[in-house]
Amino acid sequence: MKVRVLYHDHCFDGAASAAFFSKFSRECFYNGAEYAYTGMAHKAAQLFDESEFDGDENVIVDFKYSPSDKVTWWFDHHQSAFLSAADQRDYEGKKDKRRFYFNPTYRSCTEWIAHIAKTVYSYEPPELAELVYWAGIVDGADYDSAEAAVSMREPAMKLTLLIEAIKCSEMVQRIIRQMQVKTLEEILHDPVVSEAFQPLYDRHLRSIDVIRAASECRDKVIFFDVADQDMEGYSKFIPYYLFPEGVYTVSVSKASFRTKVSVGSNPWAAEEPTHNLAAICERYGGGGHPRVGAISFQPSEVEAARAAAAEIVQELRG
Ligand SMILES: [Mn+2]
C-alpha cells in the first residue's frame with residue numbers, strides 16, 4: 001500500500017505537518033504502508049497535476065484544496081485555501097464523507113492535525129510534542145523578538161532556515177522522515193543535514209546586509225526590491241530586525257520558477273496592523289493569512305510584480 005502525501009514545500013509547518021500526519025496515519029491506519037512525498041509550491045500556473053495523486057491514499061497537508069476525487073485526506077489552515085468558489089462548493093459537498101479538515105483559525109497546520117488526531121482519533125504522541133510546539137511558534141511567528149528570529153539559536157530555527165532556503169525537495173523529505181523518529185537537535189546532527197545547513201547560514205548572514213542596503217522604511221512601510229539579486233529564501237524577519245519601527249514589509253524577489261511579491265506585517269510592532277494582507281494579495285491573484293501574504297507571478301513578469309508592489313506600498317502608506 002502507498003500513501004502519497006502532498007505538503008507545502010520549503011516551509012517548516014509543511015514539513016512538520018507531513019511528518020505528524022505520516023506517523024499518526026501509519027500508527028492508526030496504514031501500518032506497513034510505503035509513504036511517498038511531493039512538495040507543493042504556490043505558483044501562477046496550475047497547482048495540481050492529476051497524475052500526482054498516485055497513492056492508494058492521497059493526502060494534502062498545509063496546502064490548498066484540490067477537487068480531485070482521488071484526494072482522501074486534506075488538512076489546511078490557510079484563509080485562502082480555495083482557489084475558486086467551485087472548489088469551495090466541492091469541499092462543502094465532500095467534507096462529511098471524506099477526511100477533510102479545514103480551520104483557518106489555527107496558527108499552524110501541524111497543531112490543527114495534532115488537534116484532530118487527538119480529539120477525533122484519540123492519538124496523542126508525546127514524542128511529537130516538540131515538533132507541534134515549534135510548528136506553532138514558527139508558522140505563527142511567535143518569537144520573542146526579531147533578534148531571536150534572525151539569530152537562529154534554536155534547532156527549530158536552524159531547520160527552518162535549511163527547509164526554506166535549500167533548493168531541492170529531497171533534503172526537506174529527508175527531514176520529514178527524521179521528524180517522525182528524532183528530536184530536532186538530533187536531526188541537526190545528521191552529517192548530511194549539517195553540511196547543507198552551514199553555507200545557507202553564511203548566506204543568511206550576508207542577506208541581512210543585502211536587505212539593509214536595498215530597503216527604505218517610510219510611513220512605517222518597509223520596501224525592498226531584490227529581484228535582480230540571488231536572494232531566494234531570505235528570512236522574512238530581517239526587515240523588522242533592521243527597522244523595528246516598520247509595521248509592514250513589501251518586497252519583490254525572484255526564484256527560478258516565479259517572481260514573488262511578499263507582503264508581511266511586523267509581529268513585534270507597537271501598533272496592530274489594520275490591513276488584511278490576504279485580502280490585498282487576493283486582489284492580485286495571491287493569498288495567505290491576514291498578517292502575511294504573497295503574490296506569485298511568472299518568472300518573466302518582474303515588471304508586473306513591481307507595479308503590484310508599488311500599488312500595495314501606496315495603499316499601506318495610506
Ligand atoms: Mn502552515
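Biologist: Which residues does the domain assignment give to domain 1 and to domain 2?

Modeller: The model is a predicted one. Its chain carries a domain assignment with two entries, domain 1 and domain 2. The C-alpha centres of these domains are 24 Å apart. The bounds are 2-191 for domain 1 and 215-317 for domain 2.

Biologist: Which element gives the largest share of the side of domain 1 that touches domain 2?

Modeller: Contact involves 15 residues of domain 1 and 21 residues of domain 2. On the side of domain 1, the elements giving two or more residues are α5 (146-151) and α6 (155-165). The largest share is four residues, and it comes from α5.

Biologist: Which strands stand at the edges of the six-stranded sheet, and why is one side of each left without a neighbour?

Modeller: The sheet is open and its pairing is mixed, with the strand order β6-β7-β8-β9-β11-β10. A strand at an edge has a single partner strand, so one side of it lacks a neighbour in the sheet. The strands at the edges are β6 (216-218) and β10 (287-289).

Biologist: Which residue stands opposite His289?

Modeller: β10 pairs with β11 (residues 292-297) in the antiparallel sense, over three bridges. His289 belongs to β10, which spans 287-289. The residue opposite His289, in β11, is Val292.

Biologist: What angle does the direction of helix α12 make with that of β8?

Modeller: Helix α12 (residues 302-317) packs on the sheet and touches β6, β7 (221-225), β8 (248-254), β9 (259-265) and β11. The direction of α12 makes an angle with that of β8 of about 175 degrees.

Biologist: Is Asp62 buried or exposed?

Modeller: Asp62 is found in the loop between β3 (57-61) and β4 (71-76). Its phi is near 55 degrees, a positive value in a residue other than glycine. Most residues other than glycine have a negative phi. Because Asp62 has 29 C-beta neighbours inside 10 Å, it counts as buried.

Biologist: Is Ala141 buried or exposed?

Modeller: Ala141 lies in the loop between α4 (129-139) and α5, and has a positive phi of about 50 degrees although it is not a glycine. A residue is buried if 20 or more other C-beta atoms lie within 10 Å of its own. Ala141 has 20 such neighbours and therefore counts as buried.

Definitions and conventions: Residues numbered from 1 in each chain as written. Predicted model: local features only at pLDDT ≥ 70, side-chain atom pairs only at ≥ 80, totals over all residues. Pairing = 2+ DSSP bridges. Contact = placed C-beta atoms within 7 Å. Axes fitted to C-alpha atoms, helices over the stretch in contact; angles between N-to-C directions. Domains from an automatic or database assignment. Buried ≥ 20, exposed ≤ 12 C-beta atoms within 10 Å, placed from the backbone.
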